[in-house]
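Work through the exercises below with the sequence and the model open side by side, and try each task before reading its solution.

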Amino acid sequence: MITRVRAFGAFWYDFVVGDDWRVAIAVIVGLAATFGLSKAGIPAWWVLPVCVLLVLPLSLRRARRKD
Amino acid sequence: MTAGALFLAVFLACVVEAVEALTIVLAAGTARDWRSTGLGVGAALIALAIVVAALGPALTAIPLSALRLVVGGLLLIFGLQWLRKAVLRASGHKALHDETAIYARTLAAAENAPPQRRGLVTDWYAFTLSFKGCTLEGLEVVFIALTFGSNQHDIPLAAIAAVAAVLVVAAAGLAIRAPLARVPENTMKFVVGIMLTSFGVFWGGEGAGAHWPGSDAALLGIVPAVAVFAVALVAVLRHNTPVAVR
């Protein structure tokens, strides 16, 4: 039973998070920063685009190093 | 623009996933038993219908800002993973997705597996192979169609795009009885990665309380910007392409 629960959890982790968990963490941090800035009345639309600009090259660099 | 983009993103994503599922189904049916393979496909479609029936109404009941925050975040994570793989493939750092090679491997494995009967299913291997293939590829289709559809308040349009894609691929597969190797799958995955990432950025930002300059028109800037960035990354990475996968 535990093995099946673990396999179920592993499947969903792989399905959503995929090969690089840091991407998921960066997106969550980006969303939190957007929320925080918006609540403070500061324009925050630029946070997620900057997040993509930083995260994708770093994730690609890690993937290349694995090769 | 958003309705057209919604249709395009869901249609392309569904074509890609349907082509991959078709390869597995063809291999299972050709090497083993078409009846058991068909039962596997049917069981997978029922399982996916249950997922849609459970998640669809639940998603429409969630307030829009919360939905956009969660779904935008998930789409962005999902989209960045797609885009990452697409950039690695396009730059030669990861082998291109080759349906003919996958078909040959799956066929060889299916031919060597021992036969086993379970209940109504005469060939359990063919059943589980087609069931797993269709369920796993179908889950991605369901996820993309439901998230795009619910965010745009147009699940019917997303469903039409998904069903149209599956019907087109199934008809082509039945007609030629071979993997659809000529479909530009890698290019389509690249485009889908751009769309998922762009919509994830847009909806995630809106859900978290940001106001986009130009409102919905901001997507007209986000989509090309992400595309140009991804193409630029491909160009940069191509400088150090490993010869083996080129």
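**Exercise 1: the surroundings of one cysteine**

Task: find which residues C14(B) touches, leaving out residues up to four places away in sequence.

Solution. With contact taken as C-beta atoms, placed from the backbone, within 7 Å, C14(B) touches V141(B), A161(B), A162(B), A165(B) and V166(B).

The model is predicted, with local features needing pLDDT of at least 70 and side-chain atom pairs pLDDT 80 or more, while totals for chains, interfaces and linings use all residues. Residues are numbered from 1 along each chain as its sequence is written, and chains are lettered from A and ligands numbered from 1 in the order in which they are written.

**Exercise 2: the side facing chain A**

Task: determine which element gives the largest share of the side of chain B that touches chain A.

Solution. To begin, 29 residues of chain B are in contact with 28 residues of chain A. Two or more residues come from each of α3 (64-90), α7 (185-207) and α8 (219-238) of chain B, helices being DSSP runs of H or I with at least four residues, numbered from the N terminus. The largest share, 12 residues, belongs to α3(B).

How values were computed: Two residues are in contact if their C-beta atoms, placed from the backbone, lie within 7 Å.
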